[in-house]
Amino acid sequence: MSSYKVAILLRTKNRPVFLRRALETLRAQSFQDFRIHIINDGGDMAALRACVAECGPSWGERLSCVDLPRSVGRSKALALALAVSDEPYILIHDDDDTLEPSFLAETVAFLERDGTGFYAGVTTSNYDVYERIEDGRIITDRKTDQFGRKSGSLVDYGLYLSHMYVIMPITFLFRRAALAVAGGVETRLDYVEDHDLFLRVMMAGEVGILEECLCSYHHRLATGDANDASQHEVTHDYVLAYKNGIIRKAMQGGDRLRQMQAGFIQGNHLGRSQLGQLSRQVAQLQEGFASLSQVMVELLGHIRR
C-alpha cells in the first residue's frame, strides 16, 4: 500500500499546454500528500517528459508515468491508472481541468471526518471556464459558477441514475474501498466511462456535497487538433448512445442496476417529452389568445365607427 493518501489519475495525449497547467495547480495544493499517476495514452514520450521536468523536477517518486505505444482510449487508460495506483483516495483528473488550492485539503478532510464509511466520496461545486488556444497560450474568455453550483448535503442517487445530475470527474474525490462494490471501469465504453463508474461507486455509500467552488471544468470550441475536448472526437451523441445501450441491456435481462437505471432514464425521457408537449400546447394557446386579441381590437374599431 502506498504511503500517500490520494491517487491523482491523469490521462493525457499530446497536450503539454494543459498538462503543464494541471501540474502547476497540483503543485499549488495546500495538501500535498498525494501521488500523480500519468497515463500517456499513445502520445509523444519525449515531449511529456520535457513537460514534467519543466513543471518541477522535484516530484520524485510522487509522480509516475506509464507510456503506451499506441492509444487505447479513455476507458482502458483509466482502468490502467486504477490498476497501477493503490492510494486510499482517488481523483480522476482530466488533463485540461484545474483545482483550486484548497480542493484536496477540503475533500480529504471531509472524508477523514467520516469514521463510519457512510460516504463513498465527496463532490464540490465547480467553475465553468470557457477558453481558447492562441499561439500555444491558453486564453480565458469567461469563468462562471452559474452552472456548476451544487447545493444540499447529499447527491440524489435517483437523479444521477436519471442522467439529470452530473458529477464532473474533477469535482469528485472517492474512496478506493468503494471499488470493491463498484467493480472496475467498463472498458467497452469509449465515453461516459467516468459517469458509469461513479454510478456504481454510489452503490458503496453516499456522496457528500461541498458547496464551495473548489475546481474548474474547462470548455473549448472544436478546432480539429489535439487541444479539442474529447467529445469532439465523435460525430454522434455519445451520451444518448450510452443511455440507449443501458435500455437495451435491461431489455435483454441485464443486472438489477441496469434495469433500475433504464427505468430512471425512461422516466426522465417521458417526463421531458410530456413537458415538451405542454410547452407546445402553451405556445399554441398563446398564439390563439394573440389572434383572438387582434380580432377583438378589430371588432371594437368597427363598433366605434
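Predicted model: local features only at pLDDT ≥ 70, side-chain atom pairs only at ≥ 80, totals over all residues.
1. Residues are numbered from 1 along each chain as its sequence is written, and side-chain values use heavy atoms, with hydrogens and water left out.

2. V192 has a phi near 50°, a positive value in a residue other than glycine, and V192 is found in the loop between α6 (179–182) and α7, where helices (H or I, at least four residues) and strands (E, at least two) are DSSP runs numbered from the N terminus. At 11% relative accessibility, V192 counts as buried. D135, also not a glycine, has a positive phi of about 55° and is found in the loop between β6 (119–134) and β7 (137–144). D135 is exposed, with a relative accessible area of 77%. As background, most residues other than glycine have a negative phi.

3. Which strand has both of its faces covered? In strand β4 (residues 89–92), Y89 and L91 on one side and I90 and I92 on the other are all buried. Strand pairing requires that DSSP finds at least two bridges between the two strands. On that basis β1 and β4 run parallel and are joined by four bridges, with A7 standing opposite I90 in β4. β4 and β8 pair in the antiparallel sense over three bridges, and here I90 stands opposite F174 in β8.

4. The salt bridges (a side-chain nitrogen of Lys or Arg within 4 Å of a carboxyl oxygen of Asp or Glu) come to a count of 19. One of them is formed by the side chains of R11 and E193, at 3.1 Å from N to O. Because R11 lies in strand β1 (residues 6–12) and E193 in helix α7 (residues 193–201), the pair ties together parts that are 182 residues apart in sequence. Both R11 and E193 are buried.

5. R132 takes part in two salt bridges that can be read together: its side chain meets that of E134 at 2.1 Å, N to O, and that of D141 at 2.9 Å, N to O. Elsewhere, salt bridges that share partners join R15, R21, D95, D96, E131 and R220 into one network.

6. Aromatic pairs are counted for rings of Phe, Tyr and Trp (its six-membered ring) whose centres lie within 6.5 Å, with planes under 30 degrees apart taken as stacked, over 60 as edge-to-face and the rest as tilted. By this rule there are six aromatic pairs. F34 and W59 form a tilted pair, 6.2 Å centre to centre with 55° between the planes. This pair links distant parts of the chain, since F34 is in strand β2 (residues 34–41) and W59 is in the loop between α2 (45–55) and β3 (63–68), 25 residues apart. Both F34 and W59 are buried.

7. How far apart are the ring centres of F174 and F198? They are 6.0 Å apart with the planes at 65°, so the pair is edge-to-face. F174 lies in strand β8 (residues 172–175) and F198 in helix α7, so the pair ties together parts that are 24 residues apart in sequence. Both F174 and F198 are buried. Separately, F110, F118 and Y119 form one aromatic cluster.

8. Two contacts between a charge and a ring complete the note; a charge sits over a ring if NZ of Lys or CZ of Arg is within 6 Å of the ring centre and within 35 degrees of the ring normal. The charged end of R27 sits over the ring of W59, 3.9 Å from its centre, and W59 is also the partner of F34 in the tilted pair. The charged end of K143 sits over the ring of Y127, 4.4 Å from its centre.

Note on methods:
Buried < 20%, exposed > 50% of the residue type's maximum accessible area, 1.4 Å probe, protein only.
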